[in-house]
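This report accompanies a structural model and describes selected features of its chains. Please view the sequence and the structure together while reading.

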Amino acid sequence: MQIIEHFMSLSLIRTVLLTAFSFCSAARSLSTSVHLQAQAKSKKTLAKPGVKNIVLVDGVRTPFLQSGTTYADLMPHDLARAALQGLLNRTGLPKDAVDYIVYGTVIQEVKTSNVAREAALGAGFSDKTPAHTVTMACISSNQAMTTAVGLIAAGQCDAVVAGGVEFMSDVPIRHSRKMRKTMLSLNKAKTLGARLSLLGSIRLAHLSPELPAVAEFSTAETMGHSADRLAAAFGVSRLEQDEFALRSHTLAKKAQDGGMLSDVISFKVPGRDIVSKDNGIRPATMEQLAKLKPAFIKPHGTVTAANSSFLTDGASAVLIMSEEKALAMGYKPKAYLRDFVYVSQDPKDQLLLGPTYATPKVLEKSGLTLNDIDVFEFHEAFAGQIMANLKAMESDWFAQTYMGRKTKVGAPPMEKFNTWGGSLSLGHPFAATGCRLVTTVAHRLQKEGGQYGLVAACAAGGQGHAMVIEAYPQ
Amino acid sequence: MASVRLLVTRSGCTALKAITGHGQRSLSVSSAVLARTHVSYEVKDNVAVVRINDPTSKVNTLGRHMQAELVEVINEIWGNSAVKSAVLISSKPGSFIAGADLNMFQACKTAEEVSYLLQAGQKMFEQIEKSPIPFVAAINGSCLGGGLEFAIACQYRIATKSKKTILGTPEVMLGLLPGAGGTQRLPKMVGLPAAFDMMLTGRNIKADKAKKMGLVHQLVEPLGPGLKSAEERTIEYLEEVAVDFAKGLTGKKVTVEKKKGLMQKVQDFVMGLPPVRKQIYKTVHNKVMKQSKGLYPAPLKIIECVQTGIEKGNAAGYLSESENFGKLAMTSVSRALIGLFYGQVACKKNHFGQPEREVKKLAVLGAGLMGAGIAQVTIDKGVATILKDTTEEGLARGQQQVYKGLNDKTKKKSLTTFERDRIMSLLSGQLDYRGFENADMVIEAVFEDLSIKHKVVKEVEAVIPPHCIFATNTSALPIKDIAAASKRPEKLIGMHYFSPVDKMQLLEIITTSKTSKDTTASAVAVGLKQGKVIIVVGDGPGFYTTRCLAPMLAEAVRALQEGVGPKKLDSLTTGFGFPVGAATLADEVGIDVAAHVAEDLGKAFGTRFGGGNVEVLKMMVQKGFKGRKSGKGCYVYGAKSKEKKVNSGAEDILKSFKLTAPPAVSADEDIQYRLVSRFVNEAVLCLQEGILPDPVQGDIGAVFGLGFPPCLGGPFRFVDSYGADKLVQKMKHFEEAYGNQFTPCQLLLDHAKDSSKRFHK
């Protein structure tokens, strides 16, 4: 107990020092020395006494495809199964070595409401391995991973598979409530007369279906609409959004061509060809982007189809273990999963500001500052949302007025930010994105030789998440 | 009690936030411009952005000063060849332009003077309508009266889809008409039926409805906070969007004309037929006459102006508009309504200062009609509320009432189901005193029986913290009698709500000699939060409102005994301007309540409160004729037929108590004045005795709580306009026939003697 307190006070002092230093960075000579100091300090591991080291052994994902393309005839658990099998292949993990499986999903297929279990059985995992499904909008697989971390930290498991799947090619479309009520009553109707009278009560209006929408239940506002208002609130222009979208596609293309996206596995789609590449990456020209009409707020909005993430099918999976167990099994882990936070705020006007709230919180928890982070992977729901978050993070006024902080946390430098593309270009299968972000951070840390990475994401419901990831010593 | 809907608050006028600074003066302005205080402009990309901001008020109004500066700025813009279009916007967060400056008209001595003022306004708007460059009105907040007329003279209108953005022509509620081109432009813009609806009801129109009607072209979503506050950024954004549209208009990328749908085309065609229009004028006229009983001149004049404009052309229309406005401004009805408007504004302020502690947790005792109503209006404003009853059935009924009240709002779309649920989560229904130890105020609404009230006071005082205020909701029991059981009378106060609580605006607060000032301040603060119009009166049997109503109801019972049927009685009272007839009112209040009050006050005030026989009411209660709530009172309720049927059982009772009507005082007009004079005399007596602090609160209480004819402006304004001497004369005449129930009080006699004495200036 005392040790922990001692450590906490230490890290607090360090935070204070670092913030103080970063204030002085106006003077050039000073700033370099500060940098060196920060670098020197940051070589320290974030291991905490009394807390288990938990590692990411590996992570994979199916190619992310635009919905309605090659995956169109599958079901969600098929995709999830492909990711799980891919993980098994990649790691050579014995199927009975897994203690538990947690999977995330957002739009639930009603037939496979516990998609984790269906996919695990289909992927050939032991039927003795329990599995459950979690949902937390776009941070569902982050929730799956932190659930795994929790299970390991609590000493209940040693090896957990986490993942997420989203299948937008087929979504449940329901009968209207009136029709459902009639149909349910029909089950109970005993006589032919009663049945006929129920059937006779069906009106044309009963037949119109209920379509699912990416809309907040609490505010009835669609996410794109909210993103457009958020961009406007922070004065993000259409040009800035289009530029960011183009950046995402360009970087993704480069990463794809350069073979950086090694988390992608090949998947033989039944009845179709082998798929081994994401198919939504399309670098266009600024002129082409500028031609598009706003998709949500018409005619003066700024969010378009091209600067938003598109509807995507895909699944991802990661293997998380205690460091001890991983080493005992002969694995060379890729990264440590360190501190994480979940945040939530106003689902109307700050729906997509999760990263702004989560970033300073998780940094404080780890005793780091923004400067310590080498790799940033933020979920790109909309270009406007990213730009708004960057502006919010750069604003002292926002930090003081809405976050109860004395100063801003600062915006991540762009050269460290989503350099292999992001959800805008790679695609965004809601519940699969979280694992992609974490795996990408691990891979980038390895490639770039960095020490710390930061994952941050927003989610429907006005929630958000961030996690600090530390490179595993090579 | 019946609600008075004729006068609706001009929301937006009172609930405005302080003006936030908005960098509004561009650097390039000349020295002449610097002298301007209300209007400024800068040119952005060939678009002149005209910003309005009255530094002396929370809302913008079109007064002499504002108009002069606007004319000056607009002329400058027209003179500037670099300006290709203009945007008109307010720098105030909650107000575009809330209307014309009423003081400007009130300062005028003659109708001609008023007409002349209006003609200047008409001319300005006509120039804007014919402007060589397009004007875009960017509307955020209240856009009412003259403000709306200004906006509709512009070529294009953009409004924020905010709850605060309301458009409307409320002039009719002040006994006036839209006098700056509104009666001429609106019918062309939204069609004859919608225009009549707007102008004759004065209703507020929300932005999305305005878009559907064709009143605005484009909506802008309100923004949340960004690098500035939500309000500030929303105005900025509105301006940016408006500037874009202004450029679009110049570049012909945006068209003003909306493509008309088939229905619209059909409607236009039909409206183009003179006989159809004639029929509409006639129908609307008849409807107005039926509803206003001809007591309100403004609606008829509005129809006249619209008709003149359409049938005889613009010039004749404008002339008719300005002349009729001038005439209306000189009517006693308009003065009465404007008086009520100002009175209402005054009664929406806390004159007792900031209370020491804000009430954050309130408890209501008794989940009956009143208790549940009070709980509803409290949670609706975000205050956590305990609703306590003694039985599960009573509690469930009360909770259902609250839920229904809120759910009805979701059906009208003024609330989302989600907001409803959140509001409901603030309500804690319970049967015990759990949580009372944290209550800041307790309002009891238990049965009107002194011994029960005493029991409740003792029980509650045993569990509440020392700072907690105990308010009692009673309609007649003197507060000091209830306070007799209290250990801390300085914390005890009367809060008399009117039923239905969520509809009736009035709250009558009653202080005893022991009530502390902070307790009063706190009760007023709670009432204001609940959205009430508040009068604060002294203690006594029936306080102010019930005391005024009781003699009038006694007189109504007498009239019924004299053989005036309930229907006749109703038509006499509504014919005088009461929104609800006396017999119906008795049914609404509840015959049992009326009997209870009549007996109590009869004991307190003696024969002055006599007239009708209380036994009539008691007998009705005995037979179960308790009014609307029991299905039978003076009338029979329940059946779905529109025509109300007189309850024959009640008629039989009346026959058994039959009195002979003295012919000298039984003409229709006599009956009306018998009813009204007793009401008015009692009101004046309340002022004389110091129960009422001032005539303004007396007028507001009578109109908003009891439905005293709004066109008369309340009992005190009625005495002023009718003449105290004439009223006294009438009362003396009645006194001869009936005795002391009609003896005018001293203050009324004083006013009769000296005609220079007036209750209102």
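## Basis and confidence

This is a predicted model, in which local features need pLDDT of at least 70, side-chain atom pairs count only at pLDDT 80 or more, and totals for chains, interfaces and linings use all residues. Residues are numbered from 1 along each chain as its sequence is written, chains are lettered from A and ligands numbered from 1 in the order in which they are written, and side-chain values use heavy atoms, with hydrogens and water left out.

The complex receives an ipTM of 0.87 and a pTM of 0.89 from the predictor.

## Interface between chains A and B

Contacts link 19 residues of chain A with 18 residues of chain B. The buried area, meaning the accessible area (1.4 Å probe) that two parts lose on being put together, summed over both, is about 1,500 Å², and carbon and sulfur atoms give 64% of this. A:Ala233, A:His300 and A:Trp397 supply 34% of the area that chain A buries against chain B, more than any other three residues.

## The eight-strand sheet of chain B

Helices (H or I, at least four residues) and strands (E, at least two) are DSSP runs, numbered from the N terminus; two strands pair if DSSP finds at least two bridges between them. Eight strands of chain B form an open sheet with mixed pairing, in the order β13-β12-β11-β14-β15-β16-β17-β18. At its edges stand β13 (427-430) and β18 (533-538) of chain B, each with a single partner strand, so one side of each is left without a neighbour in the sheet. From one strand to the next, the twist averages 25°.

Strands β11 (residues 361-365) and β12 (residues 384-388) of chain B run parallel and are joined by five bridges, with B:Lys361 opposite B:Ala384. Parallel pairing also holds for β14 (residues 441-444) and β15(B), over four bridges; here B:Met441 has B:Ile469 as its bridge partner.

## The four-strand sheet of chain B

A further open sheet of chain B has four strands in the order β4-β6-β8-β9, with mixed pairing. Its edge strands, β4 (95-97) and β9 (205-206) of chain B, each pair on one side only. Two bridges join β4(B) to the parallel strand β6 (residues 142-144) of chain B, where B:Ser95 stands opposite B:Ser142.

## Annotated positions

UniProt, in an unreviewed entry, lists B:Glu508 under "active site"; such annotations may be inferred rather than shown by experiment, and positions are given in the numbering used here, with feature names shortened. B:Glu508 lies in strand β17 (residues 506-511) of chain B and is buried, with a relative accessible area of 0%. Beyond its neighbours within four places in sequence, its contacts include B:His496, B:Phe543 and B:Tyr544.

In chain A, the unreviewed UniProt annotation "domain: Thiolase C-terminal" covers residues 331-470. This stretch of chain A is 36% helix and 21% strand, with its end C-alpha atoms 17 Å apart.

Methods: Buried < 20%, exposed > 50% of the residue type's maximum accessible area, 1.4 Å probe, protein only. Contact = heavy atoms within 4.5 Å. Axes fitted to C-alpha atoms, helices over the stretch in contact; angles between N-to-C directions.
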